[in-house]
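Let's walk through this fold together, one piece of packing at a time. Have the structure open and follow along.

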Amino acid sequence: MPAPRQGEVELICKQDGVIAGLAVFERVFQLLDDTVEVEFFCQDGDEVKNGQRMAVVRGDIRALLSGERVALNYLQRMSGIATYTRSIASLLHGSRTKLLDTRKTTPNMRVFEKYAVKVGGGYNHRYNLSDGILLKDNHIGAAGSVTKAVQMAKEYAPFVRKVEVEVENLEMVQEAVEAGADIIMLDNMSPEQMKEAVKLIDGRAETECSGNVTRENVERLLDIGVDYISSGALTHSAPILDISLKNLHPVEE
């Protein structure tokens, strides 16, 4: 395409799912050519169907061709995360438990992926290390014990920061409660162990369970009574939603 020529192309959904990232999709084309116009027929959070016409993109055909793959990569990735998140969040509907994401995100894509989780009905855990203190196994190992790790964190951190401790057995649960942890994460424990842990905590701290949580096994956690379920799979294992730009053709100005 050696010279400018106006054209339009249709954004078509090729799979049922939840759409997310339409503004990012549009922004790709506007960065290439700010005269490109996108007319949307849906909005983020909508459930879309196979074959649905979601938008028409109009502008210089050179910009449409140049931006096609990048725009679709963002939209497919974000919509896949929103779709997968919605499928798990719907299983938790009606319970007190909130679904959280993690920091297991694609490098340089965290802001987009965590936004997609929210569109899908999930909630964001911390965005970065400064958002909250999470004492994991390596922190506890470095400090020497759960108690020492909590004490060191409280001495270092501003008083407005909550301290969360990852525990792997009931002895660690008891120690975390006595040390004054604000949130206790039950990591890779069996449902039976987690039920015992929730009884032991008895409302003295908020509770979160984590560890290989997926759509296939989340229902086994519903009657445990934890405040939060976190799943890295929301961002690291969600398949893309199949979306295409189709029917590109020139139009008369």
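Helix H2 (residues 61–89) packs against helix H3 (residues 110–119) at an angle of about 40°, their axes lying 7 Å apart. Helices (H or I, at least four residues) and strands (E, at least two) are DSSP runs, numbered from the N terminus, while axes are lines fitted to C-alpha atoms, for helices over the stretch in contact, with angles from 0 to 180 degrees between N-to-C directions. H2 and H3 are therefore oblique to each other (under 35 degrees counts as roughly parallel, over 145 as roughly antiparallel, 65 to 115 as roughly perpendicular, the rest as oblique). On the H2 side, the contact (heavy atoms within 4.5 Å) is made by Tyr74, Arg77, Met78, Ile81, Ala82, Thr85 and Arg86; H3 brings Phe112, Glu113, Tyr115, Ala116, Val117 and Val119.

A word on the source: this is a predicted model, where local features need pLDDT of at least 70 and side-chain atom pairs count only at pLDDT 80 or more, while totals for chains, interfaces and linings use all residues. Residues are numbered from 1 along each chain as its sequence is written, and side-chain values use heavy atoms, leaving out hydrogens and water.

Now to the sheet. Its 6 strands form an open sheet with parallel pairing, in the order S6-S11-S10-S9-S8-S7; two strands pair if DSSP finds at least two bridges between them. Strands S6 (98–100) and S7 (133–135) stand at the edges with a single partner strand each, so one side of each has no neighbour in the sheet. Neighbouring strands are turned by 25° against each other on average, direction ignored. Helix H7 (residues 191–201) packs on this sheet, touching strands S9 (183–187) and S10 (206–210).
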